[in-house]
Amino acid sequence: MTEKAKQLYIHVPFCKRKCNYCDFCSFPTSNEQKAAYVKALEKEISLVGYDGRISTCFIGGGTPSLLSPKELSDVVSACRKKFDFSPEEFTVEANPESLTKDFLLAAKDVGVNRISLGVQSFSDDNLKLMGRLHDSGQAISAVKLAKSVFENVSADLILGFPNTDEKQAESSVKRLSELGVTHVSAYGLQLEEGTKLFEMVKNGLVLPDDDRISDIYDCISDTLEKFGYHRYEISNFAKSGFECKHNLGYWQQNEYVGVGLSAHGFEDGVRYFNTSDLKTYFRTLGENKLPTEGKTALSPSDAEFEAIMLALRTTDGLDARAFEDKYNCNFLEKYNIPIKKTEAFTEFSGGRFRLKKEGFYVSNQILLEFMPD
Ligand code: SF4
């Protein structure tokens, strides 16, 4: 039997400046440090255990568009050397302030076929509040530039900042549609302790409450549907055929190799993550060792719960037959009690168990019912 292909995630932790709300592993860098990081990344790729086929690849960050064309090409060459590497979908994240035509052409040249752009908002007031380096004009230019090279361009939006109303939400979607964006990720703001925004809120900045954010989210979601973007996951919308295969793989519990600072991976039933400390990352790879900091082998019950949790994020929901084959149990019988308890918000049809539209608002409470004891 041939080994099932895995997905590949590559983390590039560099950003020109830290955004006010950001708690990802990202920080400013120098050209020297960036070059050293690419070398370390190449080493890490050469050391990972898996060397089979890669079905999808996602270079995320941080801001991968800060890599020079040569650095990007070196990372991809390392992948080609190690893996059977001709991914069906190959995404690179980019930010409007640093996107150049040279970068896009270099990306296309090495096989990238999807760009994910951190647009975040078309409100200049909100972009300032977020601490982003671009304004709405730059966001529009960046989308146009990306579309001049790639058909498949996704845009991220963040909801939950003060200067947003329904009218503005609608016009943002209309603008993305006119620009030919094929995919939209609309995330609710997560206020994280330790960020600048957290301090700003402590010092009096008022953010919209959950009900207000839900109203805006409904408006965005309805407008996206109106413009032909169907919702296929809690926060993700796509024109038909442009759903993100890489992320769908995560939600289907596919295995993936994670490389780069703080990257996470999932292989052979084990979830693992790399160090988030750059010095440790360099030192460990300098000793020809992988920079893995932690590993958790999923117990059978954790793996089952995780499969349900991930699948219920998607509008397709959970494939009961596939679940039964994988976990050797009858889904409807085994989960009879939580299914009954949540029936106002869930449905079973066509062999799939999924959340109804109203279920997406209470998904956390629903999942609690399926948690192992
Ligand atoms: S661009 Fe993204 S990763 Fe970089 S600091 Fe801003 S939010 Fe964080």
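Biologist: How many salt bridges does a search of the whole structure find?

Modeller: This is a predicted model, and the search turns up 19 of them.

Biologist: What makes glutamate 178 and lysine 174 a salt bridge?

Modeller: Their closest N and O atoms are 3.3 Å apart. The cut-off asks for a Lys or Arg side-chain nitrogen within 4 Å of a carboxyl oxygen of Asp or Glu, so the pair qualifies.

Biologist: How do you know that glutamate 178 and lysine 174 are separated by about one helical turn?

Modeller: Both belong to helix α6 (residues 166-178), and they are four residues apart there, which means about one helical turn between them.

Biologist: Why is glutamate 178 called exposed, and why is lysine 174 called partly exposed?

Modeller: Exposed needs over 50% relative accessible area, while partly exposed sits between that and the 20% mark for buried. Glutamate 178 has 58%, so exposed it is. Lysine 174 has 43%, so it goes down as partly exposed.

Biologist: What about lysine 340 and glutamate 343: how far apart are the closest N and O atoms?

Modeller: They are 3.6 Å apart, and the two residues form a salt bridge. Lysine 340 is exposed because its relative accessible area is 53%. Glutamate 343, at 46%, is partly exposed. There is also a network: Lys6, Glu255 and Glu267 are joined by salt bridges that share partners.

Biologist: How do you know that aspartate 319 and arginine 352 meet in a salt bridge?

Modeller: N to O, their side chains are 4.0 Å apart. The limit is within 4 Å, so this pair is counted as well.

Biologist: What parts does that pair tie together?

Modeller: Aspartate 319 is in strand β13 and arginine 352 in strand β15, so the pair links parts that are 33 residues apart in sequence. Aspartate 319 has a relative accessible area of 30%, so it is partly exposed. Arginine 352 is partly exposed too, because its value is 25%.

Biologist: Why do β13 and β15 count as paired strands?

Modeller: Two bridges join β13 to β15 (residues 352-355), and the two run antiparallel. Pairing takes at least two bridges, so the count is enough.

Biologist: What makes β13 and β14 the edge strands?

Modeller: The open sheet has three strands in the order β13-β15-β14, with antiparallel pairing. Both β13 (318-319) and β14 (346-349) pair on one side only.

Biologist: Where does aspartate 316 lie, and why is it called partly exposed?

Modeller: Aspartate 316 is in the loop between α11 (300-311) and β13. Its relative accessibility is 49%, so it is partly exposed, because exposed would take over 50%. Leaving out residues up to four places away in sequence, aspartate 316 touches Arg352 and Arg354.

Biologist: Which residues have the most contacts inside the largest nonpolar core?

Modeller: In that core of 69 residues, they are Leu8, Ile10, Phe83, Phe85, Ile115, Leu117 and Ile220. Helix α5 (residues 136-149) supplies the largest share, six residues. Another core, of 21 residues, lies apart from it and includes Leu312 and Phe323.

Biologist: Last one: what is the shell around the ligand, by class?

Modeller: Five nonpolar, three polar and three charged residues. Among the residues surrounding the ligand are Cys15, Arg17, Lys18, Phe24, Asn95 and Arg132. Arg and Lys count as charged, so Arg17, Lys18 and Arg132 fall in that class.

Methods: Residues numbered from 1 in each chain as written. Predicted model: local features only at pLDDT ≥ 70, side-chain atom pairs only at ≥ 80, totals over all residues. Heavy atoms only, no water. Core = buried A, V, L, I, M, F, W, Y, C linked by side-chain atoms within 4.5 Å. Buried < 20%, exposed > 50% of the residue type's maximum accessible area, 1.4 Å probe, protein only. Contact = heavy atoms within 4.5 Å. Near = heavy atom within 4 Å.
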